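Please look at the sequence and the model first.

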Amino acid sequence: MGDILNVSHLTKRFSGLVAVDDLSLTVKERQIHTLIGPNGAGKSTTINLITGVLKGDTGTITFAGKDISAMPTHKIAQLGLGRTFQNIKLFGAMSVIENLMVGAHKNTSQGIVNFLWNTKRAKDEEEKMRAHAEQILKQIDMYSHKDDMVNELPYGLRKMTELGRTLMIDPKMILLDEPAAGLNPSERQEFIQHLKDVYDSGIDLFLIEHNMDVVMSISHYITVINFGAKIAEGEPKEVVNNPEVIKAYLGSRFKAE
Ligand SMILES: Nc1ncnc2c1ncn2[C@@H]1O[C@H](COP(=O)(O)OP(=O)(O)OP(=O)(O)O)[C@@H](O)[C@H]1O
Ligand SMILES: [Mg+2]
């Protein structure tokens, strides 16, 4: 299997602070790759750099063989790289299915302008999009909630809505920033299962996660960063037993057999 995502010597400074420090990492196709590290280590910044939300000071990023280092976010999404945010970004006063459809608009050939224009072509496109959204909601067991207002949903279902929205662009890969944060144990179990299903459907995953039960149950490969720099990478068991990782991050919170 080849590489799907390659980050090479990426650095990002915020005034005096080096948030991401000469970071290189490779995500292989057909792997669930998890990025871990202490609060403030530069994990979210890394995802923001990969998705073009932030521009790096140095370094290159390639996705599916294309250099995306200087690409705007919507172009990167069009290539098939989806993402979720650490803080949910949904339209609370809209229904679940509307949130999925709005998420997809940026990526259609017609765009939001024609959507409002109300042409026949735009109407057809909207119907196609609705059918696609319905199919995704069925796939992630959210169909019965499709007309619920997002701000009336429990947190776990909002997280699922966000996941559903990333699927609207038919991604090759999804980046998830702490998808299980704030979920209760049963929601978390369910979410893990849905992520595994998404992965089994052919989508590669790169996630940031603090909950080590989630990390250990889902990851094929782990990269650990501290102060923006990589301190370890490898298979889960190997990484969590690495003395430097224990010292910098895991402490006595987690012991792998
Ligand atoms: N827009 C910004 N301007 C200035 N400093 C920033 C900005 N975004 C992040 N930082 C700083 O960069 C460092 C890395 O932040 P980042 O959010 O990437 O950490 P993180 O690993 O995602 O942490 P957490 O686990 O708490 O989410 C932190 O010191 C943070 O305060
Ligand atoms: Mg973060």
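## The shell around ligand 1

The residues of the shell around ligand 1 divide into five nonpolar, seven polar and two charged. Here Ala, Val, Leu, Ile, Met, Phe, Trp, Tyr, Cys and Pro count as nonpolar, Asp, Glu, Lys and Arg as charged, and the others, Gly among them, as polar. Of the 14 residues around ligand 1, Gly40, Lys43, Ser44, Thr45 and Gln86 come nearest; a residue is near a molecule if one of its heavy atoms lies within 4 Å of it.

Strand 2 (17–28) and helix 1 (43–50) each supply at least two residues of this shell, and helix 1 gives the most, with three residues. Helices (H or I, at least four residues) and strands (E, at least two) are DSSP runs, numbered from the N terminus.

## Basis of the model

This is a predicted model, in which local features need pLDDT of at least 70 and side-chain atom pairs count only at pLDDT 80 or more, while totals for chains, interfaces and linings use all residues. Residues are numbered from 1 along each chain as its sequence is written, chains are lettered from A and ligands numbered from 1 in the order in which they are written, and side-chain values use heavy atoms, with hydrogens and water left out.

## Polar contacts of ligand 1

A polar contact is a pair of N or O atoms within 3.5 Å. A polar backbone atom of Gly40 is 2.8 Å from an oxygen atom of ligand 1. For Ala41, a backbone N or O atom lies 3.1 Å from a ligand oxygen. His210 uses a polar side-chain atom, 2.9 Å from an oxygen atom of ligand 1.

## The largest cavity

A cavity is a set of points on a 1 Å grid over the protein atoms alone where a 1.4 Å probe fits but cannot get out, and lining residues have an atom within 4 Å of a point. The largest cavity holds about 40 Å³ of space. Helix 6 (155–167) gives the largest share of its lining, three residues.

Domain 1 (1–80 + 171–257) and domain 2 (93–169) both give residues to the lining, so the largest cavity lies between them. These domain bounds come from an automatic or database domain assignment.

Key: 1 Å grid on protein atoms, 1.4 Å probe; cavity = no way out; pocket = protein on both sides within 12 Å on 5 of 7 lines; lining within 4 Å. Points joined across faces, edges and corners; volume = space filled by probe spheres on them. Polar contact = N/O pair within 3.5 Å; in protein donor to acceptor, adjacent residues only side chain to side chain.
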